[in-house]
Amino acid sequence: MSGHSIRLRPVVEEDLAMFRRFATEPGLIGLDWTGFKDPQEPARRFATDSYLGAESSRLMVEVEEEQVAPGFVSWALRDFGGPTRHWEIGIALLPEWRGHGIGWRAQAMLCDYLFTHTPLQRIQAGTHAENIAEQKSLVKAGFQLEGVVRACEFRDGRWCDGYLYSRLRNDPSPL
Ligand SMILES: CC(C)(COP(=O)(O)OP(=O)(O)OC[C@H]1O[C@@H](n2cnc3c(N)ncnc32)[C@H](O)[C@@H]1OP(=O)(O)O)[C@@H](O)C(=O)NCCC(=O)NCCS
């Protein structure tokens with residue numbers, strides 16, 4: 001367990017350098033690396049809505065005592081084809097901040113935030129079969145494994161299965 005006290009806060013301009021690193025440094029983001037992305041895109045998105053949009057958003061994870069940002073959490077609206085929508089969340093921490101108990105707490109905090117400020121019933125998260133840290137992190141954040149989504153993403157030269165997790169509004173918060 002980490003001794004770090006963390007909070008979620010909006011993105012500021014200084015955070016864009018981290019987003020550019022994740023877009024251009026192979027593998028820095030972990031298994032979600034799918035090739036180079038436009039490094040100018042973060043500045044364009046920030047100029048549009050500061051990463052707080054109706055359909056998708058980001059907040060920075062900040063260590064309060066040091067006022068440094070280890071990474072960010074994200075969420076986006078998804079649906080299964082009908083009128084009902086749910087959130088899908090994501091997270092990326094810089095390598096030096098991983099394994100300190102920050103990831104699971106940041107995702108639990110994000111769920112509490114979304115259930116407080118939006119009426120949606122379901123929050124889901126997908127991860128990779130190899131991503132043990134994220135699998136454990138999601139369970140600690142109150143998620144349950146729903147199943148394996150076969151061949152759902154093309155990554156590193158091959159089609160890969162994904163693990164789908166969810167936390168529902170009435171599931172207990174671990175915080
Ligand atoms: C995945 C990620 C968010 C997890 O956050 P974290 O702060 O590193 O993880 P935590 O410290 O909160 O640990 C949560 C649990 O995972 C375990 N864990 C952490 N890193 C681990 C590792 N490399 N291997 C195995 N277990 C690990 C912890 O021990 C803890 O479980 P425990 O309480 O049973 O011991 C973070 O590592 C990260 O940003 N990785 C790169 C990006 C990424 O993979 N994002 C998710 C994409 S789906």
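The stops below run from the whole chain to single residues.

**Before you start**

This is a predicted model, so local features need pLDDT of at least 70, side-chain atom pairs count only at pLDDT 80 or more, and totals for chains, interfaces and linings use all residues. Residues are numbered from 1 along each chain as its sequence is written.

**Stop 1: the whole protein**

Show everything as a cartoon. You will find 4 helices and 7 strands. Helices (H or I, at least four residues) and strands (E, at least two) are DSSP runs, numbered from the N terminus. Along the sequence the pattern reads β-α-α-β-β-β-α-β-α-β-β.

Now zoom out. The C-alpha atoms fill a box of roughly 40 × 35 × 35 Å along the principal axes. What radius of gyration does the protein have? The protein has 16 Å, which agrees with the value near 16 Å for a compact globule of 175 residues. The radius is taken over C-alpha atoms, and the globule rule is 2.2 Å times the number of residues to the power 0.38.

Of the 175 residues, 25% count as buried. A residue is buried if 20 or more other C-beta atoms lie within 10 Å of its own, exposed if 12 or fewer, and partly exposed in between; C-beta atoms are placed from the backbone.

Next, think about contacts. Two residues are in contact if their C-beta atoms, placed from the backbone, lie within 7 Å. Among contacts with a separation of 6 or more, 57% join residues 24 or more positions apart.

**Stop 2: the nonpolar core**

Select Val-61, Val-73, Ile-89 and Ala-106. These have the most contacts inside the largest nonpolar core, which has 27 residues. A nonpolar core is a set of buried Ala, Val, Leu, Ile, Met, Phe, Trp, Tyr and Cys residues joined through C-beta atoms within 7 Å. In soluble globular proteins, nonpolar side chains tend to be buried together.

Which elements give two or more residues to this core? They are strand S2 (56–63), strand S3 (68–79), S4, H3 and S5. H3 gives the largest share, 6 residues.

Stay on Val-73. Leaving aside neighbours within four places in sequence, its contacts include Leu-8, Arg-58, Ile-91 and Leu-110.

**Stop 3: around the ligand**

Select the ligand and its shell. The shell holds 23 residues, and the closest are Gly-30, Leu-93, Gly-103, Ala-133 and Lys-136.

Colour the shell by class. There are 9 nonpolar, 9 polar and 5 charged residues. Ala, Val, Leu, Ile, Met, Phe, Trp, Tyr, Cys and Pro count as nonpolar, Asp, Glu, Lys and Arg as charged, and the others, Gly among them, as polar.

Strand S4 (85–93), helix H3 (102–117) and helix H4 (132–140) each supply at least two shell residues. The largest share, 6 residues, comes from H4.

**Stop 4: helix H4**

Select H4 alone. Glu-134, Ser-137 and Leu-138 are buried. They are on the same side of H4 because they cover an arc of only 100 degrees around the axis. The arc is that of the directions from the helix axis to the C-beta atoms. On the other side, Ile-132 and Lys-136 are exposed.

The buried residues of H4 pack against H3, strand S5 (122–128) and strand S7 (158–168). Past H4, find Gly-142, whose phi is positive, near 100 degrees.

**Stop 5**

Most residues other than glycine have a negative phi. Select Tyr-51, which has a positive phi of about 65 degrees. Tyr-51 lies in the loop between helix H2 (41–49) and S2. Buried or exposed? Tyr-51 is buried, with 21 other C-beta atoms within 10 Å.

Now select Ala-151, in strand S6 (residues 144–155). Its phi is also positive, about 45 degrees. Ala-151 counts as exposed, with 11 C-beta neighbours inside 10 Å.

**Stop 6**

Ala-151 is one of the contacts of Asp-161. Asp-161 lies in strand S7. With 12 C-beta neighbours inside 10 Å, Asp-161 counts as exposed. Draw a distance from Asp-161 to Ala-129: their C-alpha atoms are separated by 6.9 Å, though they are 32 residues apart along the chain.

End at His-86, in strand S4. His-86 is partly exposed, with 16 other C-beta atoms within 10 Å. Not counting residues up to four places away in sequence, His-86 touches Arg-78, Leu-120, Arg-122, Ile-123 and Gln-124.

Terms used. A residue is near a molecule or strand if its C-beta atom, placed from the backbone, lies within 6 Å of it.
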